Amino acid sequence: GRALSLAGRALAGGVAGWAPEQKVEIYAKAIQGLLTLEPNIEKQIKYLDFVDIYTGLSDAEQHAYESRYPQENAVMTGLTERLRTEGRQEGRQGALRETARNLIQTTELDDAAIANATGLPQAEVQALRFELKH
């Protein structure tokens, strides 16, 4: 009802037509709608960026949101942390794959030894070796 109406109006046209004191409520309703309507966490994160861009809360408004809507803020903080953790994990995996590629190209180590050295599954090392040959 009202939450979706506020969220939809805020996101469709930005917040330019709203009074400054309404921005925090608009943001909160958009976040509540996002959490209610979108079960996919990756999409929630993507849409959160959209909401952030179009509402453009100042630091003071962000602090007001955090204090007036602690539950929603906790969920959004958790999503942000999850995204950071996944990014770090992907970065580490990418570095391990790059190390394996370098070992394949510069040493005579077999796939088992490279898998042992990098912690990658042997099948992944085999796939990297195959990619490098073709």
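User: What does Glu86 count as, by relative accessibility?

Analyst: Glu86 counts as partly exposed, at 22% relative accessibility. That label covers what falls between buried (under 20%) and exposed (over 50%), with a 1.4 Å probe and protein chains only. The model is predicted, so local features need pLDDT of at least 70, side-chain atom pairs need 80 or more, and totals for chains, interfaces and linings use all residues. Residues are numbered from 1 along each chain as its sequence is written, and side-chain values use heavy atoms, without hydrogens or water.

User: Which side chain does Glu86 meet in a salt bridge?

Analyst: Arg82. The N to O distance is 2.7 Å. A salt bridge puts a side-chain nitrogen of Lys or Arg within 4 Å of a carboxyl oxygen of Asp or Glu. Arg82 is partly exposed too, at 33%.

User: How far apart are Arg82 and Glu86 in helix 5?

Analyst: Four residues, so about one helical turn separates them. Helices here are DSSP runs (H or I, at least four residues), numbered from the N terminus.

User: How many salt bridges does the structure hold?

Analyst: Six. Among them is Glu98 with Arg101, at 3.3 Å, N to O. Both lie in helix 5, three residues apart. Glu98 is partly exposed at 39%, and Arg101 is partly exposed at 23%.

User: And Asp111 and Arg129, what do their side chains do?

Analyst: They meet in a salt bridge at 2.6 Å, N to O. This pair links distant parts of the chain, 18 residues apart: Asp111 is in helix 6 (residues 111–118) and Arg129 in helix 7 (residues 122–133).

User: Is Asp111 buried or exposed?

Analyst: Buried, at 14% relative accessibility. Arg129 counts as buried as well, at 18%.

Notes
Helix = DSSP H or I, 4+ residues; strand = E, 2+ residues; numbered from the N terminus.
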